[in-house]
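Subject: Structure handover

Hello,

The structure you asked for is below, with the sequence. My notes on it follow.

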Amino acid sequence: MKLIDLCIDKAKYGINASAVEKTKDEDISYLRITDIKENNELNSKLTKTVKKGTSISNYLLKENDIVFARTGNSVGKNYFYDLRDGKIIYAGFLVKFSINPQKVYPKYIKPEMSI
């Protein structure tokens, strides 16, 4: 099966916004390609967010979401969202797929290595 056939809806590109440093009271992190290690885990603590007032609701990752890098030498690098990582929005050079748990056990399709 194709990945898209296992998803709730079509793939979605991330937000086109500049990254700014997080302050200690900000709880929403901004995920960029550079924040994903080669083993598909997050680099240490995410330190970026977007400017206050930016409309982010369409870009918040949810349970069973996976994002893939879609450009440059990083194509295929991916991250399977983990609720323990906190609230995360994803950047424009990432594309998100929302896995439908009625069709497949979501972690079954979690890639263990970059493509």
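Two strands are taken as paired if DSSP finds at least two bridges between them. Helices (H or I, at least four residues) and strands (E, at least two) are DSSP runs, numbered from the N terminus.

Please note that this is a predicted model: local features need pLDDT of at least 70, side-chain atom pairs count only at pLDDT 80 or more, and totals for chains, interfaces and linings use all residues. Residues are numbered from 1 along each chain as its sequence is written, and side-chain values use heavy atoms, with hydrogens and water left out.

Overall

The chain has zero helices and eight strands. Its radius of gyration (taken over C-alpha atoms) is 14 Å, close to the 13 Å that the globule rule (2.2 Å times the number of residues to the power 0.38) gives for 115 residues, so the chain is as compact as a globular protein of that length. The C-alpha trace spans about 40 × 25 × 25 Å along its principal axes. Of the 115 residues, 42% count as buried; buried means under 20% relative accessible area, exposed over 50%, and partly exposed in between (1.4 Å probe, protein chains only). Among contacts (heavy atoms within 4.5 Å) with a separation of 6 or more, 72% are between residues 24 or more positions apart.

Strands of a sheet pair through backbone hydrogen bonds, either parallel or antiparallel. Here, four strands make an open sheet with antiparallel pairing, in the order β1-β8-β5-β6. β1 (12-13) and β6 are at the edges with a single partner strand each, so one side of each has no neighbour in the sheet.

Strand β5 (residues 65-69) pairs with strand β8 (residues 94-98) in the antiparallel sense, over five bridges. Within that pairing, Asp65 is opposite Ser98 and Ile66 is opposite Phe97. β5 also pairs with strand β6 (residues 78-80), again antiparallel, over three bridges, and there Phe68 is opposite Asn78.

How much of β5 is buried? Five of its five residues are, so the strand is largely enclosed by the rest of the structure. Both of its faces are covered: Asp65, Val67 and Ala69 are buried on one side, and Ile66 and Phe68 on the other.

Phe97, in strand β8, counts as buried at 13% relative accessibility. Leaving out residues up to four places away in sequence, Phe97 touches Leu3, Ile4, Cys7, Ala11, Asn64, Asp65, Ile66 and Phe68. The C-alpha atoms of Phe97 and Asp9 are separated by 7.7 Å, although the two residues are 88 apart along the chain.

The β3-β7 pair

β3 (28-31) and strand β7 (residues 87-90) run parallel and are joined by four bridges. The bridge partner of Leu31 in β7 is Tyr90. Ile28 and Tyr30 point one way from β3, Ser29 and Leu31 point the other way, and all are buried.

Loop residues to check

Two residues other than glycine have positive phi values. Asn40 has phi near 70 degrees; Asn40 is in the loop between β3 and β4 (48-49) and counts as buried at 4% relative accessibility. Asn64 has phi near 75 degrees; Asn64 is in the loop between β4 and β5 and is buried, with a relative accessible area of 16%.

Asp35 is also in the loop between β3 and β4 and counts as buried at 8% relative accessibility.

The largest pocket

Rolling a probe the size of a water molecule over the atoms shows where empty space is left. On a 1 Å grid over the protein atoms alone, a cavity is a set of points where a 1.4 Å probe fits but cannot get out; a pocket is an open set with protein on both sides within 12 Å along at least five of seven lines, and lining residues have an atom within 4 Å of a point. Grid points are joined across faces, edges and corners, and a volume is the space filled by probe spheres set on the points.

The largest pocket holds about 150 Å³ of space. Its lining consists of Ile15, Asn16, Ala17, Tyr30, Arg32, Ile33, Thr34, Arg70, Ala91, Gly92 and Phe93. These divide into six nonpolar, three polar and two charged residues, where Ala, Val, Leu, Ile, Met, Phe, Trp, Tyr, Cys and Pro count as nonpolar, Asp, Glu, Lys and Arg as charged, and the others, Gly among them, as polar.

Regards
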